[in-house]
Amino acid sequence: MTYYQETGSQVEIPLTLEELAETSQGRSGYVAFLYLDGDRIGRQLTSIPDRASYTAFSRALSSVTQQVVFEAIAAHLSPRMTKGDSFREQMGRTSEVGRDFLIHPFEIITVGGDDVMLIVPADVGLPIASQIGQQFTRQLEALGWPGVTISGGVLIAPQTTPIHIMRDLAAALQKQAKQAGGERLDFHLLKSADMLDRRLSHVRRRYPYTLEYLGTRDKHLRLLGRPYTHAQIAALWQNLIELKRKGFASSQMQQLAATLLTSRHESTLFYLYQEARHQTEYAPLNAILADLQSLTDADPPPWQSIEDEDYSHQTVLWDLAELFEFIP
């Protein structure tokens, strides 16, 4: 796989997040901050019996991490067209402001040991992260180190978001993925209201991610299915691409998401009504829901009943709706 083949055009590096975000397909103006870290690496190190094995594992870890990152970038990216940002004027490159040119659409902040921090266009954040997660384990296993996994957080944020906020939130997402059992990815679409509270656990206990049910029997409703395994993210993203390719309207997806905020019964009836009217269009969406949650006659889409939690029902449809607008 080749990231770039010479075309005769000069390729620049992005000088600002704005230039990088301009290349995002599906919805421009957004970037994805990826933060991945190995699961239980410290425990793995303490179990290594001798110095030579310790050195071999350390070298394998560093080599594989770099390799899987570069392979994922090559698989999902190539130089993309952007417009020169006004920052170029401050660097004495006034003629480049507003001009179209190719850039390498990624920024590697760190790739070392089992740590990865990248900034990429929003439309490739989750595919790159999930490929890194899957290949990390496979390649280490091929080298004789089975069971070594990695978890990560992917923050999708507007280009104007300060870097330190993106880094903090992506790190918090990575911790959420680890706490869910490891070998997972968590993601979050940053909205202006979220800026008031960078503690993800607090944000997700509030509207619109958790709805307080006012009835007498049901508990709260949870509108999130994340975090997911790396394989689930890869399948989810590919299925959303297929859903969009088959003509499922973004407006219809947003309408489905909006009804989730009314009540469980109303949103279920609306979903079933739309499904009956548009069976062909809804078949791929039903398949995605079936892959990610258990659906029975007692739990018609899009909700699934949950036991032993402080919420009674959960749906992954909100996750799908948030991601759908970033599908290229």
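Modeller: Just after H5, Gly144 has a positive phi of about 95°. Keep in mind that this is a predicted model.

Biologist: Okay, and H5 itself. Which residues does it cover, and how many are there?

Modeller: H5 runs over residues 125–142, which makes 18 residues. From first C-alpha to last it reaches 26 Å. That is close to the 26 Å expected at 1.5 Å a residue.

Biologist: How many residues of H5 are buried?

Modeller: 14 of the 18 are buried, so H5 is largely enclosed by the rest of the structure.

Biologist: Then what is phi for Arg40?

Modeller: About 55°, a positive value, although Arg40 is not a glycine. Arg40 sits in the loop between strand E2 (30–38) and helix H2 (41–46).

Biologist: You mentioned H6. Take Gln174 in that helix. Is Gln174 buried or exposed?

Modeller: Gln174 is buried, with a relative accessible area of 6%. The cut-off for buried is under 20%, so 6% qualifies.

Biologist: What is Gln174 in contact with, leaving aside neighbours within four places in sequence?

Modeller: Gln174 is in contact with Tyr35, Asp37, Ser151, Gly152 and Gly153.

Biologist: New topic, peptide bonds. Are most of them cis or trans?

Modeller: Most peptide bonds are trans. Here are two cis cases.

Biologist: Which residues does the bond with Tyr207 join, and what is omega?

Modeller: That cis bond joins Tyr207 and Pro208, and omega is about 5°. Pro208 lies in the loop between helix H7 (200–204) and strand E9 (210–211).

Biologist: And the other one, from Arg226. Where does that bond lead?

Modeller: The bond from Arg226 goes to Pro227, and omega is near 5°. Pro227 is in a loop as well, between strand E10 (220–222) and strand E11 (228–229).

Biologist: Great, that's my list done.

Technical notes
Residues are numbered from 1 along each chain as its sequence is written. This is a predicted model: local features need pLDDT of at least 70, side-chain atom pairs count only at pLDDT 80 or more; totals for chains, interfaces and linings use all residues. Side-chain values use heavy atoms; hydrogens and water are left out. Helices (H or I, at least four residues) and strands (E, at least two) are DSSP runs, numbered from the N terminus. The expected span of a helix is 1.5 Å times one less than its number of residues. Buried means under 20% relative accessible area, exposed over 50%, partly exposed in between (1.4 Å probe, protein chains only). Contact means heavy atoms within 4.5 Å.
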